[in-house]
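Hi,

Here is the structure I promised to pass on.

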Amino acid sequence: MKLSTILKWVTGGCEALLAIPFIGGLFVVGSGWNALLFMFVAHLITLIFAVRDNRTYAGSVLGMITSALAWIPVLGWILHSVTAIFLLIDAGRATSLDKKA
């Protein structure tokens, strides 16, 4: 399995955790919004490896946008949810491609 695929699973899972109402928000606020900075960097690293592996990277770009805008309460929840779904579907597709190769 390619590193970009593994990173998509990890970042998608983290986004799903941040999308849990109230709990995700409390985690972000409790970390002093450092969780959003961490996720931005994680999505950037995933983007770099996805480009290197010649894989789709739209989920990582969406994740970076989410990290930049997620400080807005309801919008953050929606964006984390959409990004998690997008990344996890992409990771599943990448996993099937990796198994075929």
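Below is what turned up in the annotations, the helices and the pockets.

This is a predicted model, where local features need pLDDT of at least 70 and side-chain atom pairs count only at pLDDT 80 or more, while totals for chains, interfaces and linings use all residues. Residues are numbered from 1 along each chain as its sequence is written, and side-chain values use heavy atoms, with hydrogens and water left out.

An unreviewed UniProt entry lists residues 6-28, 35-52 and 64-89 under "transmembrane region" (annotations may be inferred rather than shown by experiment). Residues 6-28 are 83% helix and 0% strand, with end C-alpha atoms 23 Å apart; for residues 64-89 the figures are 88% helix, 0% strand and 17 Å. Helices (H or I, at least four residues) and strands (E, at least two) are DSSP runs, numbered from the N terminus.

Now the pockets. A pocket is an open set of points on a 1 Å grid over the protein atoms alone, where a 1.4 Å probe fits, with protein on both sides within 12 Å along at least five of seven lines; lining residues have an atom within 4 Å of a point. Of its 18 lining residues, Gly24, Gly25, Leu26, Pro73 and Trp77 lie nearest the centre. Helices H2 (23-30) and H5 (73-100) each supply at least two lining residues.

The second largest pocket has about 150 Å³ of space, and H5 gives the largest share of its lining, seven residues.

Best wishes

Notes. Points joined across faces, edges and corners; volume = space filled by probe spheres on them.
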